Amino acid sequence: QLQLVESGGGLVQPGGSLRLSCAASGFTLGYYAIHWIRQAPGKDREEISCIDYGGAYRIYADSVKGRFTISRDNDKNTAYLQMNALKAEDTAVYSCEAGDSCLSSQPIAWGQGTQVTVSS
């Protein structure tokens, strides 16, 4: 089965950091672009970052640019999202998706997400 599992979420104070992981099983993640998505209650789904299969092309939403860094380790079949200078507005469920490119909205696999809560 094609599966992605996110981990690394938790409760942090404003200004803190978290590193999220997105581990793939059942397929080779290195063949696909990886998208990070977040969804907060009462708010629209937001794509916050994407990295292409080689890692050279990376994009970020304005809301996280300069604070978050996307990366991947294809040997470990895992992608990451380093989250720094966290704000209360970053509170959401974060999930990853694998797709053909960073321009695609048709993922071939996605995870259930990991909760990130930023609060004092």
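**A chat about the fold**

Tutor: Happy to! Let's start with Cys 96, which lies in strand E9, spanning residues 92–99. Keep in mind that this is a predicted model.

Student: Is Cys 96 buried or exposed?

Tutor: Cys 96 is buried, because its relative accessible area is 0%, and the cut-off for buried is under 20%.

Student: OK, and which residues does Cys 96 touch, leaving out those up to four places away in sequence?

Tutor: Its contacts include Cys 22, Leu 4 and Glu 6. Ile 34, His 35 and Trp 36 are also among them, as are Ala 109, Trp 110 and Gly 111.

Student: How far apart are the C-alpha atoms of Cys 96 and Gln 112?

Tutor: They are separated by 8.4 Å, and the two residues are 16 apart along the chain.

Student: Switching to sheets: what is the strand order in the open sheet of four strands?

Tutor: The order is E1-E3-E8-E7, and the pairing is antiparallel. At the edges sit strand E1 (3–7) and strand E7 (68–73), each pairing on one side only. Neighbouring strands in this sheet are turned by 15° against each other on average, direction ignored.

Student: How many bridges join E3 to E8?

Tutor: Six bridges link strand E3 (residues 18–25) with strand E8 (residues 78–83), and the two run antiparallel. Leu 20 stands opposite Leu 81 in E8.

Student: And the core? Which residues have the most contacts inside the largest nonpolar core?

Tutor: That core has 28 residues, and the ones with the most contacts inside it are Leu 4, Leu 29, Trp 36, Phe 68, Leu 81, Met 83 and Tyr 94. Among the elements giving two or more residues to this core are E3, E8 and E9, along with strand E4 (33–39) and strand E11 (114–118). As background, nonpolar side chains tend to be buried together in soluble globular proteins.

Student: What about Leu 29, what does it touch beyond four places in sequence?

Tutor: Its partners include Leu 4, Cys 22, Ile 34 and Ala 98, and also Asn 77.

Student: Where is Asn 77?

Tutor: Asn 77 is in the loop between E7 and E8. It counts as buried because its relative accessibility is 16%. Asn 77 also has a positive phi of about 55°, although it is not a glycine.

Methods. Residues are numbered from 1 along each chain as its sequence is written. This is a predicted model: local features need pLDDT of at least 70, side-chain atom pairs count only at pLDDT 80 or more; totals for chains, interfaces and linings use all residues. Side-chain values use heavy atoms; hydrogens and water are left out. Buried means under 20% relative accessible area, exposed over 50%, partly exposed in between (1.4 Å probe, protein chains only). Contact means heavy atoms within 4.5 Å. Two strands pair if DSSP finds at least two bridges between them. Axes are lines fitted to C-alpha atoms, for helices over the stretch in contact, and angles run from 0 to 180 degrees between N-to-C directions. A nonpolar core is a set of buried Ala, Val, Leu, Ile, Met, Phe, Trp, Tyr and Cys residues joined through side-chain atoms within 4.5 Å.
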